[in-house]
Amino acid sequence: MNRQSLMRWWFTATLVAALLLMLVPLPGPLAPFKPYWPALVLLYWSLESEDRVTLGLAFAVGLAADVVNGVVLGEQALRLCALVFIALRFRSRLRFFPMWQQALAVLALLVNDRILLLLVRLLGGASLPPASWWIAPFVGAALWPFLFLLLDDLRARWRIQ
Amino acid sequence: MAHARDESSPLFAGNAAGTLRLIFYLALATVLMVLDQRNGWMWHVRNAAAAVVEPIYRLAGLPVAGMHAISVAFGDRQRLTEQNQRLREDLLLANAKLNRMAAVAQQNQHLKELLDTRRSLELNVQLARVIGVDLGTYSHRLMLNVGARDGVKPGQPVIDAHGVMGQVIESLPTTSLVMLVTDPAHAIPVVVERTGLRTVAYGSRGGDQLVLPTIPLAADVRSGDQLLTSGLGGRFPPGFPVGRVVEVAPAATGMFLVAQVRPAADIGRSEDVLLLHDQAEPDGPPAPARPMGPPSELAPASAIDGSSNSPGTAGAAR
């Protein structure tokens, strides 16, 4: 029981931390390198504990992210829903990939996410972003193994399921 | 939950249900986006959730504030001394200029009284600090640490030491959101200082510049020209520097000249900004003259309301 509540706290804490990390700015020239943290954390949890992550949760996290920094309400909710849906659909395969293959899959998911965002923005009347806008998914995929191992290690250390 | 579904229907039903749920959520998100685009719900939601959202902004702004504090605390003595020296020189220069200006301002005031115009040169400002929060790349927005509780209202112009930065578009109780002049959705009425040509500067699409898309071909605009706010539209008071023209070229259509403008304000680096309190008096075209004729009491009710158009506030945020 205690372990379960600890687990619930840890789960919430990682999601809140992801939202905060999304808001913290990087110094000027590094700004385009910032990965999309909520997507990475949601991906981790959808691979590791399937019954916690549902489309409804992804939608809720996306809405929260939209309220704190979005341009349009519902934009990130849409992106995170699509991302989590694909991750859950291929969950059993993704879990048993070796790490580099998993990172590649994450890259594909993040690029897909950027394309979705681009579509939404263009439909909303925004202009095409500069080329540096496409760097972020690659940074996210490069960080994925470290994030995955870190979160897994913490979970194993605290023996929470 | 997933297990229960799997037991009741082994393979495909779960997938179909999952897809249905995805479609439902995607549709919900789309509806939200469309409604928000139409009605600007984001503001209301943010306002309603201010108690939660504002601490998050403060928390997310801490690292930047911390970095700043560290750079001050560990900044080496020599650099600080140099900076201090430079600031002193700036202050001396500014004071000298001010002293000379005082006489001119007084003379100006006198002449204006003679001419019977009411525009004053005094500034009623409030100092605000920028909270270092990333509001999405390329969004051209800033978060300030003052809000509705300090009397900040949407529409107030924001300036820094060098020129106009933007305007407040949303004020929460203790924070407020500023749209920068470089935002593609922002427009500001300007006047070319050298020639007096009036036009409108928009935020450029992509990049931290402004653009003047509709200069008549015959107009005299050169690179290096200084742009000031014209005060038309009544949102920005007249006479503040907006930017400097860096390049003039014919538009693709060949019907106008297009000028690229570098903003005068230090948009990427300002930490302290000023909020102007008294907004400019609407300085547009004069109110239409009351039609001459018989006294209005004699007129039928529907004919009276033609002359009371309020002065336009166009040209601020498209």
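Biologist: Which residues of α1(A) meet which residues of α3(A)?

Modeller: This is a predicted model, in which local features need pLDDT of at least 70 and side-chain atom pairs count only at pLDDT 80 or more, while totals for chains, interfaces and linings use all residues. Residues are numbered from 1 along each chain as its sequence is written, with chains lettered from A and ligands numbered from 1 in the order in which they are written. Contact requires C-beta atoms, placed from the backbone, within 7 Å; helices (H or I, at least four residues) and strands (E, at least two) are DSSP runs numbered from the N terminus. Here A:Leu15, A:Leu19, A:Met22 and A:Leu23 of α1(A) meet A:Val61, A:Ala64, A:Ala65, A:Val68 and A:Asn69 of α3(A). By class, this contact holds eight nonpolar residues, one polar and no charged ones (nonpolar: Ala, Val, Leu, Ile, Met, Phe, Trp, Tyr, Cys and Pro; charged: Asp, Glu, Lys and Arg; polar: the others, Gly among them).

Biologist: At what angle do α1(A) and α3(A) pack?

Modeller: The angle is about 30 degrees, and the axes are 11 Å apart (lines fitted to C-alpha atoms over the stretch in contact, with angles from 0 to 180 degrees between N-to-C directions). Therefore α1(A) is roughly parallel to α3(A), a term for angles under 35 degrees.

Biologist: How many residues does each chain bring to the contact between chains A and B?

Modeller: Chain A gives 30 residues and chain B gives 35. On the side of chain A that touches chain B, α1 (2-23), α3 (55-69) and α4 (75-89) each supply at least two residues. That side has 21 nonpolar, six polar and three charged residues.

Biologist: How many helices and strands does chain B have?

Modeller: Chain B contains five helices and twelve strands.

Biologist: Which strands form the closed barrel of chain B?

Modeller: Strands of a sheet pair through backbone hydrogen bonds, either parallel or antiparallel; pairing here requires at least two DSSP bridges. Six strands of chain B close the barrel with antiparallel pairing, in the order β1-β2-β5-β4-β3-β12. Neighbouring strands of this sheet are turned by 45 degrees against each other on average, direction ignored. Within it, β3 (157-159) and β4 (164-171) of chain B are joined by three bridges, and B:Ile159 has B:Val164 as its partner.

Biologist: Which residue in the turn between β10(B) and β11(B) has a positive phi?

Modeller: B:Gly254 does, at about 80 degrees, in a hairpin with five residues between its strands. The antiparallel pairing of β10 (241-250) with β11(B) spans seven bridges, and B:Pro250 stands opposite B:Leu257.

Terms used
Two residues are in contact if their C-beta atoms, placed from the backbone, lie within 7 Å. Angles under 35 degrees count as roughly parallel, over 145 as roughly antiparallel, 65 to 115 as roughly perpendicular and the rest as oblique.
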